[in-house]
Amino acid sequence: MTSHEFYMKRCIELAKNGLGSTYPNPLVGSVIVHNGKIIGEGWHRKAGEPHAEVHAIQSVKDTSLLKEATIYVSLEPCSHFGKTPPCCDLILANKIPNVVIGTVDPFALVAGNGIKRLVENGKNVTVGILEEDCNELNKRFFTFHQKKRPYIILKWAETHDGFIAPTNKENKEPVWITNANSRQLVHKWRTEEQAILVGTQTVLDDNPKLDAREYKGNNPARIIWDKSGKTPLDFNVYNENNLTYFLTETDFEKKSEKILHKKCIFDKNLTKNTADFLYQENIQSVIIEGGKQTLQSFIDANLWDEARIFVSPISFGTGKMGPEFPKKNKTHQEKWGNDVVTYYRNYD
């Protein structure tokens, strides 16, 4: 590993601290090095607050060293005024001579302009250090800006014999297939994504809360497919703990600022219509946690980026089968007690 890669790896580690709290901004980490020693570090913590480069520069105790230092940043520094001033201007103002960048920012207002500005002002700029890792770090941000849709994660749990739900239920409560540790992991995932989507039947069967109550962090926005408005008003998804969108073909009176009904066309392009809607709402990522029909619609449309599938050791014997899924491009597996979760990526 070269010194550039070593410090860029540290930038990536720092950036991950912001996962779930920087939307709609990307995850960014920054390190400042002088004579082989890290003298400053920072990461972007929340949208509207200072960027990673600002925190890194502010953490340097002896600012006179900046004129001889190298600043590492996992994503191209911004060159435009948004909610905060341009980071390029801050680098120039502090006369930092060397800038090492992980990857170019795809956002239209940056997209190479930051690099261009630094080079035009005489800075020694190096680009493309651990580029693939830096792109992976911001897979949500990159997908949103390059594909004009959110990053889509499929998630479900199935029994050892392939069922995702029993044939019959006694009450409107979830039937847990996985163990408590696996369920807490899912709640952690929910804090990392902007939205969670389910279909009407899942809501009617389970009356779920669709929040992250078992892990500290942000609750995702709830997206409910409810074509004809079947969800009872006293169900959990009508509480105001989360921003909630009901995608429907039925006319509704406005409920509140946090419970919104939006018209959606429920045809063969429902998954794309939904992705388009989420893009318009500036939602960069969504977990699909619905039943078989909801999950299958995204699989059949090949409209997904990642799948996370739990398999538990329990068996139902009969029940509702899991989706038909092309189990290829497996990236890795993890054990959570007796449960196994397998991760897949869609490279098509």
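Between which two elements is the loop that holds Asp105 found? Asp105 lies in the loop between β4 (98–103) and α4 (113–120); helices (H or I, at least four residues) and strands (E, at least two) are DSSP runs, numbered from the N terminus.

The model is predicted: local features need pLDDT of at least 70, side-chain atom pairs count only at pLDDT 80 or more, and totals for chains, interfaces and linings use all residues. Residues are numbered from 1 along each chain as its sequence is written, and side-chain values use heavy atoms, with hydrogens and water left out.

View 1. Asp105 counts as buried, at 6% relative accessibility. Buried means under 20% relative accessible area, exposed over 50%, and partly exposed in between (1.4 Å probe, protein chains only). The C-alpha atoms of Asp105 and His145 are 9.6 Å apart in space, although 40 residues separate the two in sequence. Helix α6 (residues 139–147) has 7 of its 9 residues buried, namely Lys139, Arg140, Phe141, Phe142, Thr143, Phe144 and His145. After α6 comes Lys148, with a positive phi near 60°.

**View 2. The largest cavity.** The whole structure contains 1 cavity of 30 Å³ or more. About 70 Å³ of space lies in the largest cavity. Thr22, Tyr23, Leu27, Asn138 and Arg140 are the closest to its centre among 13 lining residues. On a 1 Å grid over the protein atoms alone, a cavity is a set of points where a 1.4 Å probe fits but cannot get out, whereas a pocket is an open set with protein on both sides within 12 Å along at least five of seven lines; lining residues have an atom within 4 Å of a point. Grid points are joined across faces, edges and corners, and a volume is the space filled by probe spheres set on the points.

**View 3. The second largest pocket.** This pocket holds about 590 Å³ of space. Its lining comprises 23 residues, with Lys16, Leu19, Glu136, Lys139 and Arg140 nearest the centre. By class, 8 of the lining residues are nonpolar, 2 polar and 13 charged. Here Ala, Val, Leu, Ile, Met, Phe, Trp, Tyr, Cys and Pro count as nonpolar, Asp, Glu, Lys and Arg as charged, and the others, Gly among them, as polar.

**View 4. The largest nonpolar core.** A nonpolar core is a set of buried Ala, Val, Leu, Ile, Met, Phe, Trp, Tyr and Cys residues joined through side-chain atoms within 4.5 Å. The largest has 30 residues, and those touching the most other members include Trp156, Phe298 and Phe325. Helix α9 (270–280) is one of the elements that give two or more residues to this core, and the largest share, 4 residues, comes from α9.

**View 5. Aromatic pairs.** Rings of Phe, Tyr and Trp (its six-membered ring) pair if their centres lie within 6.5 Å; planes under 30 degrees apart count as stacked, over 60 as edge-to-face and the rest as tilted. By this rule there are 12 aromatic pairs. The ring centres of Tyr7 and Tyr72 lie 5.2 Å apart with planes at 50°, so this pair is tilted. Tyr7 belongs to helix α1 and Tyr72 to strand β3 (residues 70–75), 65 residues apart. Both Tyr7 and Tyr72 are buried. The rings of Trp156 and Phe325 have centres 5.6 Å apart and planes at 80°, so that pair is edge-to-face. Trp156, Trp304, Phe325 and Tyr344 are linked into a cluster by ring pairs.
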